[in-house]
Amino acid sequence: MSRRLTSLVVIATHNPGKLKEMRELLAPYGIANQSAGELGLPEPEETGKTFATNARIKAVATASASGTPAFADDSGLVVDALDGEPGIHSARWAGPDKDFRAAMNRIQTLLIERGAKTPEQRRAHFVAALCLAWPDGHIEEFEGRVDGVAVWPPRGDKGFGYDPLFRPDGFDRTFGEMNALEKHGLPPQGQGLSHRARAFIKLAEACLTRA
């Protein structure tokens, strides 16, 4: 049986964009939170070969270091024509300076080298793996995915990371052109469109109670 989260949780991230989204997702549930960055906790080395494993590494390390339940996300962009890259290496492609414009340029260069010019040749999807970990070792894990196309040039200055490059199926705008409610707003106000929102809806059903 799933365990309910009822009090303070530490969000296991040092990424401001990811932290903002995760706080917006938690807000309707009245869960107090702090981030690993705010607490000065170290970032564990992400040695996993899947999104789920890396999310678990971050959540478990943060729960252990803080003595508090921890909420972690590992997510990334998977491009079919690039054999699944950047995938779990999505953040690393942006380098230590988090230069996602350079990372998007790299994706475009590789796609052109492989002759991927049409939408059908530029299929991509975002994946988000979420993990809730308690200090006693209990773990809850969830995953979400959204399919779409890697567009060029990138469009929009909202969101973060690869959002300007990704147009979800059924829409004519990229994540970078969508506001927060459109991209990851939860029902009934939003559609729960993004990969992170889709994973979070599963987590909320299992572990949270609306305030």
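Residues are described here as buried when their relative accessible area is under 20%, as exposed when it is over 50%, and as partly exposed in between, with a 1.4 Å probe and protein chains only. The structure is a predicted model, in which local features need pLDDT of at least 70 and side-chain atom pairs count only at pLDDT 80 or more, while totals for chains, interfaces and linings use all residues. Residues are numbered from 1 along each chain as its sequence is written, and side-chain values use heavy atoms, with hydrogens and water left out.

Helices (H or I, at least four residues) and strands (E, at least two) are DSSP runs numbered from the N terminus, and two strands are taken to pair if DSSP finds at least two bridges between them. Strand β4, which covers residues 123–133, is mostly covered, since ten of its eleven residues are buried. On one side, strand β3 (residues 70–79) is joined to β4 by ten bridges, and these two strands run antiparallel; on another, eleven bridges join β4 to strand β5 (residues 139–150), again in an antiparallel arrangement. Leu132 illustrates both pairings, as this residue of β4 stands opposite Phe71 and has Glu140 as its bridge partner in β5. The hairpin of β4 and β5 has five residues between the strands, and Gly137 takes a positive phi near 100° there.

Helix α2 (residues 51–66) has 16 residues and reaches 22 Å from its first C-alpha to its last, close to the 22 Å expected at 1.5 Å a residue, where the expected span is 1.5 Å times one less than the number of residues. Its buried residues are Phe51, Asn54, Ala55, Lys58, Ala59, Thr62 and Ala63. Seen down the axis of α2, these buried residues fall within an arc of 160°, so they line one face of the helix; the arc is that of the directions from the helix axis to the C-beta atoms. With contact meaning heavy atoms within 4.5 Å, the buried residues of α2 pack against β1 (9–11), α1 (16–26), β3 and β4. Thr62, which is found in α2, is buried with a relative accessible area of 5%. Apart from neighbours within four places in sequence, Thr62 is in contact with Val10, Ala12, Ala36, Leu41, Gly67 and Ala70. Gly67, in turn, follows α2 and has a positive phi near 70°.

A salt bridge is defined as a side-chain nitrogen of Lys or Arg within 4 Å of a carboxyl oxygen of Asp or Glu, and a search of the whole structure finds 16 of them. In one of these, the side chains of Lys58 and Asp74 meet at 3.0 Å, N to O. This pair links distant parts of the chain, with Lys58 in helix α2 and Asp74 in strand β3, 16 residues apart. Both Lys58 and Asp74 are buried, the relative accessible area of Asp74 being 4%. When residues up to four places away in sequence are not counted, Asp74 touches residues including Lys18, Glu46, Thr50, Phe51, Asn54 and Val127.

Asp163 forms a salt bridge with Lys183, the closest N and O atoms being 2.6 Å apart. This pair likewise links distant parts of the chain, with Asp163 in the loop between β5 and β6 (166–168) and Lys183 in helix α5 (residues 180–184), 20 residues apart. Asp163 counts as buried at 3% relative accessibility, and Lys183 is buried with a relative accessible area of 2%. Salt bridges that share partners join Lys18, Glu21, Asp73, Asp163, Lys183 and Arg196 into one network. A further salt bridge brings together the side chains of Asp147 and Arg145 (2.8 Å, N to O); here Asp147 is partly exposed at 28% relative accessibility, and Arg145 is partly exposed with a relative accessible area of 44%.

Cys207 is placed in helix α6 (residues 195–207) and is buried, with a relative accessible area of 0%. Although 202 residues separate Cys207 from Leu5 in sequence, the two are 5.6 Å apart in space, C-alpha to C-alpha. Leaving aside neighbours within four places in sequence, Cys207 is in contact with Ser2, Arg3, Arg4, Leu5, Leu132, Glu140 and Phe142.
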